[in-house]
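Colleague: Could we go through this model together? I would like to begin with a single residue and then move on to other topics.

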Amino acid sequence: MSGLSAMLAAMLAASSGGFAESKALAVQVHLDRAGFSCSTIDGQWGAKSENALRAYEASRTKDTKPALAATPEQAYDRYFANEPDPFRIVEVTRADIAALVSIPDDPAERAKLPRMGYESIKEMFAERGHLSQIALAKMNPGVDWANVKPGLKLVIPNFPSMAEELAAGDRGRPNRPKRPEATLVKVSISKSQVRAYGADGKLLALFPCSIAADKAKVPPHGELKITSYVAWPNFTYTPDFTPPGKKLQRHIWPEGENCPVGVAWMGLNLPGYGIHGTPRPESIGFTGSHGCFRLANWNAARLYAMCRSGTKVVIEP
């Protein structure tokens, strides 16, 4: 594939099934880098990838009927063939391995953890590359994921870290990374999408999201705004059921990538509702939340970097 460095191409070429030659994979990476996410990058072209591509194309032109790429191969050749290499080689460090945690099932024991971080190197580096864990393994064949040692080199797509994205949202921080500011966020219930727009009305980003399985818990359509804005939030666990005669037991679970609300929380002026991350990016697009809008952690961090307290949010059918 053109656009890959010789070293990366050689490493990727070892993967099976032609995965390394997949232009669909490269297009997913480039679209994500531009702000138009298919959620979890996996090299499989489907509805979320198609939606990301169409939104990207619409953002590039004022033409109401832009010329559309019919296939990911055409999209790659038309938009991304001359873009810089979208992959990088990273090294697993001792600090990475030391940061791993084991998350217990018991709610009270979870509350004792210092943080709810990654449970495996595979999970850690898949999320750093916005990848499914299956895609990470295909890109790095032969790795013994149960016995990873410091110094292991891996190929992943090249993205800013979530810490960098969250720092970009700290508007009081000097020399913070820059992200375009969104003045309007639209949430489409029927499309399971979050779209961010600039002050000039330009579409800046698209992120797949998940909504409540119970339609009664879906926020009503209309205009809201972001009123709380928290990086690395904790989570108050409340059991769904308390036996008669027993005292309700709540637990505060600590921050971390595996916190139920992920790495960022953008609360709305509707009590109990917000836009936030999730430790299960593969679940995005499916219903199941308690009413909030869930994004992959990396997309929650990016949206956080683009918004602020007071940003308008419109809930659409």
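Colleague: Where is serine 192 found?

Modeller: This is a predicted model. In it, serine 192 sits in the loop between β3 (184-188) and β4 (193-197).

Colleague: Is serine 192 buried or exposed?

Modeller: Serine 192 counts as buried, because its relative accessibility is 17% and the cut-off for buried is under 20%.

Colleague: Which residues is serine 192 in contact with, leaving aside its neighbours within four places in sequence?

Modeller: With those neighbours left aside, serine 192 is in contact with Phe207, Pro208, Cys209 and Gly285.

Colleague: Now the second largest pocket. How much space lies in it?

Modeller: The second largest pocket holds about 590 Å³ of space.

Colleague: And which residues lie nearest its centre?

Modeller: Of the 32 residues that line the second largest pocket, Thr40, Ser132, Arg280, Pro281 and Glu282 lie nearest its centre.

Colleague: Which helices supply at least two residues of that lining?

Modeller: Helices α3 (47-59), α7 (121-128) and α8 (133-139) each supply at least two residues. The largest share, 4 residues, comes from α8.

Colleague: How do the residues of the lining divide into nonpolar, polar and charged?

Modeller: The lining of the second largest pocket has 14 nonpolar, 9 polar and 9 charged residues.

Technical notes:
Residues are numbered from 1 along each chain as its sequence is written. This is a predicted model: local features need pLDDT of at least 70, side-chain atom pairs count only at pLDDT 80 or more; totals for chains, interfaces and linings use all residues. Side-chain values use heavy atoms; hydrogens and water are left out. On a 1 Å grid over the protein atoms alone, a cavity is a set of points where a 1.4 Å probe fits but cannot get out, and a pocket is an open set with protein on both sides within 12 Å along at least five of seven lines; lining residues have an atom within 4 Å of a point. Grid points are joined across faces, edges and corners, and a volume is the space filled by probe spheres set on the points. Ala, Val, Leu, Ile, Met, Phe, Trp, Tyr, Cys and Pro count as nonpolar, Asp, Glu, Lys and Arg as charged, and the others, Gly among them, as polar. Buried means under 20% relative accessible area, exposed over 50%, partly exposed in between (1.4 Å probe, protein chains only). Contact means heavy atoms within 4.5 Å.
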